[in-house]
Amino acid sequence: MCEQATALDPFREVAWRVWMRAANALGDDDGVLTAFQGCETALAQIDATPSPSTRKLLKQLQR
């Protein structure tokens, strides 16, 4: 579902954060990073970067 949500609206950061949290809940550390990188890639298309809250979430989940 996360893949579908981000495919429909790749600039909606909340969907990427949900994906990161879901991957973490499943113990998928690579999935957390993959979701963050997907967010970075999508936002780069509009010359933007992930918000501080998304970056903070990545750090929290990588511990």
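**Notebook: helix α2 and the core**

I began with the largest nonpolar core, which has 14 residues. Those with the most contacts inside it are W16, W19, M20, V32, A35, L58 and L61. I then looked up which elements give two or more residues to this core: α2, α3 and α4. Helix α3 gives the most, with six residues. I keep in mind that this is a predicted model.

Next I turned to α2. I checked its length against its residue count. The helix runs over residues 13-25, and at 1.5 Å a residue its 13 residues should span 18 Å. I found its end C-alpha atoms 18 Å apart, so the two agree. Just after α2, I noted that G27 takes a positive phi of about 75°.

Then burial. In α2 I listed E13, A15, W16, R17, W19, M20 and A23 as buried. I see the buried residues of this helix packing against α1 (2-8), α3 (29-44) and α4 (52-61).

I took W19 on its own. Leaving aside neighbours within four places in sequence, I find W19 in contact with C2, E3, T6, G31 and A35.

Last, the charged pair. I found one salt bridge in the structure. R17 forms a salt bridge with E13, and their closest N and O atoms are 3.8 Å apart. Why about one helical turn between them? Because R17 and E13 are four residues apart in α2. I noted the general rule too: an α-helix has 3.6 residues a turn, so residues three or four places apart point the same way.

Are these two partners buried or exposed? R17 counts as buried because its relative accessibility is 18%. E13 counts as buried at 16%. The cut-off I used is under 20%.

Technical notes
Residues numbered from 1 in each chain as written. Predicted model: local features only at pLDDT ≥ 70, side-chain atom pairs only at ≥ 80, totals over all residues. Heavy atoms only, no water. Expected span 1.5 Å × (residues − 1). Buried < 20%, exposed > 50% of the residue type's maximum accessible area, 1.4 Å probe, protein only. Contact = heavy atoms within 4.5 Å. Core = buried A, V, L, I, M, F, W, Y, C linked by side-chain atoms within 4.5 Å. Salt bridge = Lys/Arg side-chain N within 4 Å of Asp/Glu carboxyl O.
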